[in-house]
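This briefing presents selected features of one protein chain, grouped by topic. Please keep the sequence and the three-dimensional view at hand while reading.

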Amino acid sequence: MNLFLAPIQGMTVACYRNLFSKFFGGIDVYYAPFISTADMDKVNPVLLKDIAAENNKPEVKVIPQILSSSGTEFKLFSDAIADMGYNEINWNIGCPFPMVTRKKRGSGILPYPEMIKNVLDTACSGSYTVTVKMRLGLDSPEEGLRVIEILNEYPLGGVIIHARTGKQMYAGNVDLDSFEALSSACKHETTYNGDIFTHNDLIRISSRFPHISNFMLGRGALGDPFLPSLIKGHIVPEGSKMSLLKEFHDELFSYYRSVLSGEKHLCDKMKEFWRQLSFHTDKEGKLLKKIKKCYSSADYLAAANQILCSSSMWSDSPVR
Ligand SMILES: Cc1cc2nc3c(=O)[nH]c(=O)nc-3n(C[C@H](O)[C@H](O)[C@H](O)COP(=O)(O)O)c2cc1C
């Protein structure tokens, strides 16, 4: 079984990926958050910083991702990314946010199979392999089925399906029946994605789809970074979990302190980190509330250390 870390914009940046691999592991491939190519006729190198070799440990396998609805822009960026040494580029046709979908990008392109065809005609003519990350559809899984027919015509390296429609955003249940319909129609290697929060979720979903051997974890791995290695059979002793988390947190915090300007930005960034993690560390959400009120690093560290310095705070099951 292969486990992939899902791209989470603003969170799973190079430093996070490197530290996740150093402290927790269990992930085979780390997908980088999307690089948007909107209306660009040349590549802005700043956009490629997160995937640059100097920021990524060589032992951490990273797949860059592009958000685009133009084959020409996709190819322009992919050629530059391939020149950096990458041989696989993931195309994001799953992003559900209205400001993206309104422009027929992300999951907004799913109702338009002809547009997808146009992008792939150009995108697939490079020296790299294209993989796709999609939703079941924008509004309905019927859209996704038509998209799969198109994807089957191209030499893709694989298709990752988040088992929700774009309209669902991140709410509601994953639709396993529709995932089954799309993955059975897909001739490419398919990866399952969506709502794997516990080892039992993985067991339940993988036993329903025995033909699937790739699983992508996003919020579940950010909330419980021990989950991927647990799935791979490596059990971290209960008593070591908080000290590992503290080391991970402290290195991430130092990184953000060195790159972000202003205490408020730094605190806001760390609040995003706790929004996921606190499901396992903070039964009643009281400490998260406290962290949310911090605007200086001294206050923030005092609140965060209340959790991180107590070895009994970790709970394997999500607590809220
Ligand atoms: C805040 C946030 C940012 C995300 N950013 C990206 C992104 O850059 N690219 C992408 O393909 N998916 C992105 N996703 C979607 C995730 O990769 C994943 O498909 C989704 O969260 C479902 O998986 P999960 O239930 O395991 O979290 C994002 C999700 C969230 C919540």
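An unreviewed UniProt entry places the feature "active site" at Cys95. The structure examined here is a predicted model. In this model, Cys95 lies in the loop between β4 (88–93) and α3 (98–101).

**The surroundings of Cys95**

- Is Cys95 buried or exposed? Cys95 has a relative accessible area of 7% and is therefore classed as buried, since that class covers values under 20%.
- Apart from its neighbours within four places in sequence, Cys95 is in contact with Phe34, Leu67, Val100, Thr101, Arg105, Gly106, Ser107 and Gly108.

- Phe97 has a relative accessibility of 40%, so it counts as partly exposed, the class between 20% and 50%.
- Together with Met99 and Tyr170, Phe97 makes a nonpolar surface patch of about 330 Å².

**The loop residue Gln9**

- Gln9 is placed in the loop between β1 (2–5) and α1.
- The relative accessible area of Gln9 is 46%, and this residue is therefore partly exposed.
- Which residues does Gln9 touch, not counting those up to four places away in sequence? They are Pro33 and Phe34; Phe34 is also among the contacts of Cys95.
- Gln9 and Ala32 are separated by 23 residues in sequence, while their C-alpha atoms are 8.2 Å apart in space.

**The annotated domain**

- The unreviewed UniProt entry assigns residues 5–236 to the feature "domain: DUS-like FMN-binding".

**Helix α11**

- Helix α11 spans residues 263–281 and contains a kink of about 45°, centred on Arg275.
- Which residues of α11 are buried? They are Leu266, Cys267, Lys269, Met270, Lys271, Phe273, Trp274, Leu277, Ser278, His280 and Thr281.
- An α-helix has 3.6 residues a turn, so residues three or four places apart point the same way.
- The elements that cover the buried residues of α11 include α1 (14–23), α8 (219–223), α10 (241–259), α12 (286–292) and α13 (297–308).

How values were computed. Residues are numbered from 1 along each chain as its sequence is written. This is a predicted model: local features need pLDDT of at least 70, side-chain atom pairs count only at pLDDT 80 or more; totals for chains, interfaces and linings use all residues. Side-chain values use heavy atoms; hydrogens and water are left out. UniProt positions are given in the numbering used here, feature names are shortened, and annotations may be inferred rather than shown by experiment. Helices (H or I, at least four residues) and strands (E, at least two) are DSSP runs, numbered from the N terminus. Buried means under 20% relative accessible area, exposed over 50%, partly exposed in between (1.4 Å probe, protein chains only). Contact means heavy atoms within 4.5 Å. Patches are made of residues with over 30% relative accessible area and no salt bridge: like charges are joined within 9 Å, nonpolar side chains (Val, Leu, Ile, Met, Phe, Trp, Tyr) within 5 Å. Accessible areas come from the Shrake-Rupley method with a 1.4 Å probe; for residues, only the protein chains shown count as cover. A salt bridge is a side-chain nitrogen of Lys or Arg within 4 Å of a carboxyl oxygen of Asp or Glu. The bend at a residue is the angle between axes fitted to the seven residues ending there and the seven starting there.
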